[in-house]
There are 2 protein chains.
Amino acid sequence: MRLSRYFLPILRETPKEAEIVSHRLMLRAGMLRQESAGIYAWLPLGKRVLDKVCAIVREEQNRAGAIELLMPTIQGADLWRESGRYDDYGKEMLRIRDRHERDMLFGPTNEEMVTEIFRAYVRSYRDLPLNLYHIQWKFRDEVRPRFGVMRSREFLMKDAYSFDLDADSARHAYNRMFVAYLRTFERMGLRAIPMVADTGPIGGKLSHEFIILASTGESEVFCHQDFLTKPIPDEDVDFEDRAGLQSLVDDWTSSYAATSEMHDEAAFGAIPAEQQLSARGIEVGHIFYFGTKYSAPMRANVTGPDGQDAPVHMGSYGIGPSRLVAAIIEAGHDDNGIVWPDAVAPFSVGLANLKAGDSAVDTACEDLYAKLNAAGKDVLYDDTDERPGSKFATMDLIGLPWQLVVGPKGLASGTVELKRRATGERETLSAESALARLTQ
Amino acid sequence: MRLSRYFLPILRETPKEAEIVSHRLMLRAGMLRQESAGIYAWLPLGKRVLDKVCAIVREEQNRAGAIELLMPTIQGADLWRESGRYDDYGKEMLRIRDRHERDMLFGPTNEEMVTEIFRAYVRSYRDLPLNLYHIQWKFRDEVRPRFGVMRSREFLMKDAYSFDLDADSARHAYNRMFVAYLRTFERMGLRAIPMVADTGPIGGKLSHEFIILASTGESEVFCHQDFLTKPIPDEDVDFEDRAGLQSLVDDWTSSYAATSEMHDEAAFGAIPAEQQLSARGIEVGHIFYFGTKYSAPMRANVTGPDGQDAPVHMGSYGIGPSRLVAAIIEAGHDDNGIVWPDAVAPFSVGLANLKAGDSAVDTACEDLYAKLNAAGKDVLYDDTDERPGSKFATMDLIGLPWQLVVGPKGLASGTVELKRRATGERETLSAESALARLTQ
């Protein structure tokens, strides 16, 4: 993408309304614009990151055997009356009347609707296990939305729902998502720690929050420091292997880890002092096993091998991709701007032409741009006539993993400069060597 | 994908509520489920088609120079009061009050919001031309939603918005989208005919609807039959070439083509009788040039090269991917079910195991499944123990372009059967030859 034809509205000033660093940087880097309180437009640079985050979420959901569908944003109130949550949900639910005065709502979550879909089609244990997920916009009418997309009213959520014959199978479904979540966050450059969690309005008894550590985190967390280095299951983990998955999950839940809500001072104190980790954390995922909480009142029954009908056992599994984008920035930034992990960077290379209009520099840049594109790299080519200092500042601010800088002085001696954003390391080398490095 | 692990709820009965063939087939093929009046969940098979349609739309928008962002579904009413459309829009707009009693709405379109984004950042003609698009769920509270996703209340729309300094440049922007639309529909196997259109509530003077012919179409259309065979611009069309694009558009608009609303009996009568085409059509896209209709009241001004400020010239360009899925089915089906064009088929190959549990058949199928997947093909492998007749009926109903049938009799003589859904042609050949055919 040529910057001269792109839409990247960088702000030179730090916006006053933004209280946390991810919000400030997303506004300054032209990723986001607030349209109403807690409601944001994703500008082109932000949309690219959101898409990359969603692609990773989707790949790992599919790998774990979940199947993608897409439920609508607007739901009928009757479904929620069936489960009993319509009145319980309170003012966070955005309630709507349509032109025929029917009660509708903008879905804050989809347990009811997916249960309705399930009961419409599935009758037998032979069609289980089943895990259906979607990635769709949700709305929660927070009384005081803030922190940008970290706590917005309209937000994107991946929510998966598992259906199983009994509690044992449902536990396997839970474990699949547990492992998929470890892999998902790791691929985005985040170390997420599963912590025993309260189940809140979703309900149920078994629940984990996945928390990343960041000094700007919303809550205090306590855990064994082993979690920071524990190896993540690799991509050929066998999701069909019940015992194998259970022992992975046992391993990941045997050490102490809890948010302040669930904190047990005595258990934490039993960890040797030098291995205790207390820090601030950001929730990036939440998984629940809630058995028959929805299937029983909504009569989502299946016939078992014994011919008996019983309510299906369910769990739900959420990740907020829009919130994740902010969390990734909270975990990766410096004084100059964002530092994207390679896997979710909006472009992998920023190519800076330090003297647009100079034919030697233009030619060298066009050649590099064409070759990087041909190699399948996402390149943002700064072909504008801004001065070099401003170009460097923009590149640092938007945080692309590699900066490839081409100027007349270097070219005269046959070199370009390659900078790694994360470390600040710079190297002077030939254009060919730079290309080889970036496309290896 | 193995059918035994997929979620494909085929209906054997024809649903009574569905009035048109695409709606019936989408329900029967397990693509869609109605959740409320005019509000649908896209089941996994439907979601795959929707994604493929969106991918083509996106590629052609990007090729034409449009830039993707993502605006939210919920908008503040104040923006619409600025443009004057809040009161005009009537009951089709889904109006919402949030918990703080602020007037909000579920966006039926985004002219106001994108104009707000534009004016927040762009000041100078040097940042033009600009075309911003998104693919997002919209809501229009139709008094009588029907025909499934052909006229639903919640629907997916790609809407692009162009910004230019003057009417001439805006015409070039319009022409870019005109040509992009021709290419977009052609790639989905549709022949769309641009017809002079009424501008309705969007406003403006220049507008074309893109109409495909289908006997079940919603409106009567009249055109020269040359439109059926006119060559479509190929993928290296130069979108920067103003004169070239204008002559392409002139060529596509010089012959008579109109919907019944804009029909001119005399002009149509001037076409030689044997070249007159009157038929029924379905609108699949609509483009508008409306000048300063939104930019003037909303004060979206740019400074020109002469230093003078003036309201920016705008156009908007819509395609409904959810409606397109239905339109593609209206244009491509037979008595047995859907006939997908290759480019948007949910899977390209259906592999039918006629005797699951037979080790020779299972082995042959697993081998074909692995090799087709390795070659990058989307394969739906029917590994269930349904009887062959039912498998054939399902394959025909869901309309995958190729059916690869593996049974014990054929295998005994070293053959499998390959069927082309569109023509019904069947061929008996070795597994190797079938693979070569499908992956060539």
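In the predicted model described here, A:Asp168, A:Ser169, A:Arg171, A:His172, A:Asn175, A:Arg176, A:Phe178, A:Val179 and A:Leu182 of helix H6(A) meet A:Arg242, A:Leu245, A:Gln246, A:Leu248, A:Val249, A:Trp252 and A:Thr253 of helix H7(A), contact being defined as heavy atoms within 4.5 Å. Seven nonpolar, five polar and four charged residues make up this contact (Ala, Val, Leu, Ile, Met, Phe, Trp, Tyr, Cys and Pro count as nonpolar, Asp, Glu, Lys and Arg as charged, and the others, Gly among them, as polar). H6 spans residues 167-187 of chain A and H7 residues 242-253; they pack at an angle of about 60°, with their axes 9 Å apart. Axes are lines fitted to C-alpha atoms, for helices over the stretch in contact, and angles run from 0 to 180 degrees between N-to-C directions. H6(A) is therefore oblique to H7(A) (angles under 35 degrees count as roughly parallel, over 145 as roughly antiparallel, 65 to 115 as roughly perpendicular and the rest as oblique). The crossing of H6(A) and H7(A) is left-handed, a term for a near helix turned anticlockwise from the far one by less than a right angle, clockwise being right-handed.

From H10(A), A:Leu368, A:Lys371 and A:Leu372 meet A:Ala431, A:Leu435, A:Leu438 and A:Thr439 of H13(A). Of the residues in this contact, five are nonpolar, one is polar and one is charged.

Chain A as a whole contains 13 helices and 23 strands, which are DSSP runs (helices H or I, at least four residues; strands E, at least two) numbered from the N terminus. Its C-alpha atoms fill a box of roughly 80 × 60 × 40 Å along the principal axes.

Chain B is superposed on chain A by a rotation of 180° with 0.0 Å of shift along its axis (RMSD 0.0 Å), which is the relation of a two-fold axis. The superposition is by least squares on the C-alpha atoms of residues with pLDDT of at least 70 in both copies. The same surface serves both copies, as 100% of the contact residues of chain B recur in chain A. Among the residues of chain B, B:Ile96 comes closest to the rotation axis, at 2.9 Å (C-alpha).

Residues are numbered from 1 along each chain as its sequence is written, and chains are lettered from A and ligands numbered from 1 in the order in which they are written. Local features need pLDDT of at least 70, side-chain atom pairs count only at pLDDT 80 or more, and totals for chains, interfaces and linings use all residues, while side-chain values use heavy atoms, with hydrogens and water left out.
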